[in-house]
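Trainee: I would like to learn how to read contacts between parts of a chain and around a ligand. Can we work through a case?

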Amino acid sequence: MSAKSPVIVDLKFIPEEVDAAIVGAFPGREVINLADPAHEGRDLRGIDYAVVWKSAPDLFSRAPDLKVVFSGGAGVDHVLTLPGLPDVPLVRFVDRSLTTRMSEWVVMQCLLHLRQHRAYETRAKQHIWEDLIQPEAADITVGVMGLGVLGQDAITKLQVMGFRTIGWSRSKKEIEGIETFDAGELDAFLSKTDFLVGLLPLTDDTREFFNAGLFAKLSRKGPFGAPVFINGGRGGSQNEPDVIEALKSGLLGGASIDVFQQEPLPKDSPFWDLETLYLTPHVAASSDVKALFTHVQQQIDRLESGQPLQYLVDRKAGY
Ligand code: NDP
Ligand code: OXD
């Protein structure tokens, strides 16, 4: 019986979390954590598997024999643009904990805007005790763009919280109790949406998709008048000058953004200082590293026992 191939780990996550998760992971295999200086210059030829998140650009020239590449996250735009990506299966991370985290973030942001939290925070800082007219969740239509693993979970949880929910995706989806729209029905979807939730992958089709023209088509008939933009997908999908201008001009009444074109967000970015924006540093649904390694092990087991891999990326579609 041949020796089990090592697994290369190249994850720009919290190093202590990666180190802790490696303990006991991939039984019977060597784990080569490239963050460990002991592996500097290590010969990576002949290795079958790599788990990557924001890898060094020379990874694939150093490891030319990979049979499968595993993305450390659900999104794969950062892998698809790596130089020398081999023509082998690319598996993305799909996992209960990641999905749950994203839904928590989406529901939390919708509630923060619904409950006018920023206005109360501001008043509290000024020692102002004031009651604002409070619409209820059922008065707001949340439109979720992207009805994949994350969008479908988020939309059902938003529904539980009482929001009216509608969804939009490239191909039409049937989700019980939810009105859905396909790519050709974008304007109809936008005209009904008070809070827009972006859970789209970054592809050629979605680049800078969230822009002034799109914001202008959102509903202004909701209880707050101006619509709200919530992006947990990818920063590349938003036209950032347009988002900033829309928040300043009132085209958007508020926003919550977890992802940016440039990460970390530069210290002098105007985003930091926008009054009506909730900003988080790409943490809406961070990968749980132990769960990630369990998922990778399961997929390796499938492959090595002749079963098909799951969660394969369609390279042509880009997600
Ligand atoms: P999925 O691949 O399961 O779903 C993607 C959805 O987007 C699908 O419904 C797809 O349509 C739709 N879509 C893609 N392209 C288009 C398009 N051009 N027009 C309309 N709809 C489109 O992905 P996930 O739900 O698992 O994840 C979504 C994204 O969330 C990831 O790609 C990643 O970028 C981001 N993410 C962000 C995290 C964070 O912490 N901020 C954490 C995890 C993920 P269809 O169903 O027809 O294929
Ligand atoms: C992901 C992410 O794609 O964390 O999983 O952004």
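Trainee: How many residues of domain 1 are in contact with residues of domain 2, and how many of domain 2 with domain 1?

Mentor: Bear in mind that this is a predicted model. Here 12 residues of domain 1 are in contact with 9 of domain 2. Domain 1 is made of 7-95 + 287-304, and domain 2 of 96-279. Their C-alpha centres lie 32 Å apart.

Trainee: What area do domain 1 and domain 2 bury between them?

Mentor: The size of an interface is often given as the accessible area lost when the parts come together. Domain 1 and domain 2 bury about 810 Å² between them, with 44% of it on carbon and sulfur atoms. On the domain 1 side, Asp77, Asp95 and Asp288 lose the most area to domain 2, together 55% of what that side buries.

Trainee: How many salt bridges are counted between domain 1 and domain 2?

Mentor: The count is 3 salt bridges, and there are 4 residue pairs in polar contact. By class, the side of domain 1 that touches domain 2 has 5 nonpolar, 2 polar and 5 charged residues. The side chains of Glu263 and Lys54 form a salt bridge at 3.7 Å, N to O.

Trainee: Which residues are around ligand 2?

Mentor: They are Trp53, Gly73, Ala74, Gly75, Leu98, Arg234, His282 and Ala285. By class, that shell has 4 nonpolar, 3 polar and 1 charged residues.

Trainee: Which side chain has an N or O atom 2.5 Å from an oxygen atom of ligand 2?

Mentor: That of His282. For Ala74, a backbone N or O atom lies 2.6 Å from an oxygen atom of ligand 2, and a backbone N or O atom of Gly75 also lies 2.6 Å from a ligand 2 oxygen. The protein covers 88% of the 210 Å² of accessible area that ligand 2 has on its own.

Methods
Residues numbered from 1 in each chain as written. Chains lettered and ligands numbered in written order. Predicted model: local features only at pLDDT ≥ 70, side-chain atom pairs only at ≥ 80, totals over all residues. Heavy atoms only, no water. Near = heavy atom within 4 Å. Polar contact = N/O pair within 3.5 Å; in protein donor to acceptor, adjacent residues only side chain to side chain. Areas by Shrake-Rupley, 256 points an atom, 1.4 Å probe, with all protein chains shown as cover. Nonpolar A, V, L, I, M, F, W, Y, C, P; charged D, E, K, R; others polar. Domains from an automatic or database assignment. Contact = heavy atoms within 4.5 Å. Buried area = accessible area lost by both parts, 1.4 Å probe. Salt bridge = Lys/Arg side-chain N within 4 Å of Asp/Glu carboxyl O.
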